[in-house]
Amino acid sequence: MKNGGVIDVKGLTKRFGAKTVVDHFDLAVPRGAIYGFLGPNGSGKTTTIRMVCGLLKPDEGAGQVLGFDVLKESASIKERVGYMTQRFSLYEDLSIRENLEFIARLYSLDHVRDRVDASLKSLGLADRAWQLAGTLSGGWKQRLALAACMIHGPELLLLDEPTAGVDPKARRDFWDAIRDYAAEGVTTLVSTHYMDEAVQCDRIAFIAFGKKLIDSKTADIPGAIGLSAWRIEADDLDQATKILKAAGGYDVLARFGAAIHLAGRDDNALAGAVRSIGGLAGLEAEPIEAGLEEAFIYLMAGAADNYANGIERRVG
Amino acid sequence: MLSLSRIRAVFLKELVQMRRDRPTFAIMIMVPIMQLTLFGFAIDTDPRHLPTAVELRDDGPLTRSLLASMRQSDYFEIVAQVATDEEGEALLRSGEVSYLVVIPENFERDFVRGERPQILIAADATDPVAAAGPIAAANEIARRAFAPELDRLPARLRGGAAPIDVVIHRQYNPAGETSMNIVPGLLGIILTMTLIMITSIALTREVERGTIETLLSTPVRAGEIMIGKTTPYILVGVIQTLIVLLAARIVFHIPFIGDPAPFLLALLLFIFTNLMLGYLISTIARTQMQAMQMTFFIFLPSILLSGFMFPFAAMPVWAQAIGEALPITHFLRVVREVMLKGAGFAEIRNDIWPIALILTVLALAALARFRQTLD
């Protein structure tokens with residue numbers, strides 16, 4: 001491995017027609033990290049991942065993935081990368097076992113049967129080995145997809161919104177598996193727009209309109225945004241919400257159980273907003289440190305659906 | 001470098017998918033049987049007892065002998081005797097009779113004088129295949145009818161040209177070939193239709209279902225996908241061929257005169273060429289619907305310009321040029337030469353290399369069209 005970084009690319013750019021979907025994107029992912037791509041729909045997450053694994057050719061940019069040239073050595077990169085597509089893209093008319101055997105053979109693995117057995121066992125798919133993939137529920141399909149992209153023991157996992165449409169229990173199991181892989185030294189790049197997935201990541205890049213706006217350790221994100229926050233309690237929270245909405249001056253208003261968290265980048269405006277509900281019964285308002293939740297709500301709310309500005313090319 | 005392991009992976013996957021797609025598999029087997037039955041009826045209606053009108057402008061032992069001979073042949077059933085041409089034409093036009101046989105004036109006298117009198121047979125050839133048998137039989141019938149009479153003639157009139165002249169009027173008879181041509185030809189048509197269709201969706205289906213994304217994210221290469229996706233269907237082509245050949249032998253009593261080896265070579269080349277043509281389509285078509293349309297775009301000239309339906313030599317030069325570029329044209333020649341005439345490698349060489357050339361061009365074009373990325 002050269003230069004330590006599993007992914008080390010600079011200036012990655014992809015245009016579809018007149019639209020620049022990914023705009024001079026730099027990405028450095030250290031070995032063993034779980035690196036999250038956060039961003040609204042159409043912000044260029046999928047396109048970036050596809051460029052990293054050689055499924056799309058970048059229009060500009062250069063760099064290395066696993067020490068191989070991202071432009072010229074796609075074949076070598078593909079052999080060492082496991083890519084889990086956003087949409088289930090294994091064969092629905094093949095059984096779980098047949099799908100895994102097919103993929104294992106494509107990677108020219110030896111002892112295909114044994115490997116597939118082991119993989120089925122470790123992911124709890126053994127009982128369903130002969131079930132057709134098309135008849136599986138979302139959670140099982142996702143397990144199968146993960147098993148398929150892990151079958152050849154990749155050094156880098158690229159997961160594109162892996163848990164979209166999967167129930168919370170399955171999602172937790174999934175992330176446990178990813179953590180285990182990370183502990184074994186597998187690097188993971190995962191795109192998501194779920195907050196509870198984003199907090200699982202060691203590091204997060206926030207993307208909007210094909211540009212990387214923030215790239216920092218997950219814990220540092222609220223500070224990077226420069227968010228202050230207040231925790232507000234009152235007897236009638238609905239009333240408080242109504243007044244706050246009319247007053248404005250904040251960026252994030254979110255209900256957390258019996259309290260409202262109000263956050264914003266402008267301290268004075270935020271204080272003004274808090275003053276607007278001064279007369280309410282049972283009011284308790286205190287400044288708190290802005291957390292990841294507020295930060296993500298802020299980020300996701302701030303960048304509306306990026307499809308609105310154009311159509312990202314769809315494949316498959 | 002192509003990897004055998006990856007080719008095998010794609011090959012096995014296609015095999016499982018083919019097995020699991022029962023309706024399609026059933027259709028592949030049903031098509032030959034259905035086509036054979038449909039075309040087979042046309043062939044096997046070796047028509048008997050066709051209603052025939054006779055117009056006798058002369059009468060005598062020769063004429064009676066001819067009529068008796070016609071009845072004996074089973075082809076013609078004399079249902080009416082007419083007095084005038086108009087009457088006969090009317091019957092023919094209305095379809096009440098399929099044939100009108102006219103014995104001219106002074107037929108007996110001219111025959112005895114050795115002047116080769118004419119017998120006119122007007123045939124309703126709107127169904128040319130059905131008409132072909134009786135028409136072909138007419139001369140022979142006449143010859144047999146007059147053979148005894150001929151013996152009684154002076155020696156100077158025997159031996160030379162036929163003693164009479166059977167003139168056949170038919171409105172339409174394009175091929176003018178025997179029905180034996182059709183079943184071997186059908187083999188080419190069946191293989192062309194089904195095999196191009198089945199691989200024309202090979203990649204299109206992967207794109208439509210989104211599975212292409214998984215496929216392309218693995219190390220598999222264009223050539224490996226191409227070989228792995230086409231070769232399983234060679235088996236289908238071979239099964240279809242067996243069905244057609246068995247039917248040709250058992251149902252239609254068509255002999256297989258030649259050596260199987262040159263036939264097998266041409267067959268495998270032809271099957272693979274069709275699969276490759278379909279695969280090329282699948283690299284171009286964006287939807288399965290488009291793939292089907294392109295398949296029919298190929299299919300039409302394959303029927304019309306290959307010599308299956310119309311005699312190749314009778315086509316205009318430009319049509320022949322298109323025909324020469326179609327693999328089926330060459331295959332049909334090989335099949336007919338080998339099956340019916342017993343040709344060997346030397347005779348079919350000139351039709352083998354064009355198929356091989358077309359195959360090579362198609363494979364290269366498909367590889368050039370294949371995109372290794374999702375761009």
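Student: Is Phe209(A) buried, partly exposed or exposed?
Tutor: Keep in mind that this is a predicted model. Phe209(A) has 19 other C-beta atoms within 10 Å. Buried takes 20 or more, and exposed takes 12 or fewer. So Phe209(A) is partly exposed.

Student: Where does Phe209(A) sit in the chain?
Tutor: In a loop of chain A, between β9 (203-208) and β10 (211-217).

Student: Switching to sheets. What is the strand order in the open sheet of chain A?
Tutor: Four strands, in the order β2-β1-β4-β5, with antiparallel pairing. The edges are β2 (19-29) and β5 (68-69) of chain A, and each pairs on one side only.

Student: How many bridges join β4 to β5 in chain A?
Tutor: Two bridges join β4 (residues 60-65) of chain A to β5(A). Gln64(A) stands opposite Asp69(A) in β5(A).

Student: What holds paired strands together in general?
Tutor: Strands of a sheet pair through backbone hydrogen bonds.

Student: Helices next. At what angle do α12 and α15 of chain B cross?
Tutor: Roughly 160 degrees, for α12 (residues 260-284) and α15 (residues 327-341) of chain B, whose axes come within 10 Å. That makes α12(B) roughly antiparallel to α15(B), since the cut-off is over 145 degrees.

Student: Which residues make that contact?
Tutor: On α12(B), they include Phe263(B), Ala266(B) and Phe270(B). On α15(B), Phe331(B) and Val334(B) are among them. By class, the contact has eight nonpolar, two polar and no charged residues.

Student: Last one. How many residues are in contact between chain A and chain B?
Tutor: 25 residues of chain A are in contact with 23 residues of chain B. On the chain A side, α3(A) gives the most, with five residues. By class, that side has 13 nonpolar, four polar and eight charged residues.

Key. Residues are numbered from 1 along each chain as its sequence is written. Chains are lettered from A and ligands numbered from 1 in the order in which they are written. This is a predicted model: local features need pLDDT of at least 70, side-chain atom pairs count only at pLDDT 80 or more; totals for chains, interfaces and linings use all residues. Axes are lines fitted to C-alpha atoms, for helices over the stretch in contact, and angles run from 0 to 180 degrees between N-to-C directions. Angles under 35 degrees count as roughly parallel, over 145 as roughly antiparallel, 65 to 115 as roughly perpendicular and the rest as oblique. Two residues are in contact if their C-beta atoms, placed from the backbone, lie within 7 Å. Ala, Val, Leu, Ile, Met, Phe, Trp, Tyr, Cys and Pro count as nonpolar, Asp, Glu, Lys and Arg as charged, and the others, Gly among them, as polar. Two strands pair if DSSP finds at least two bridges between them.
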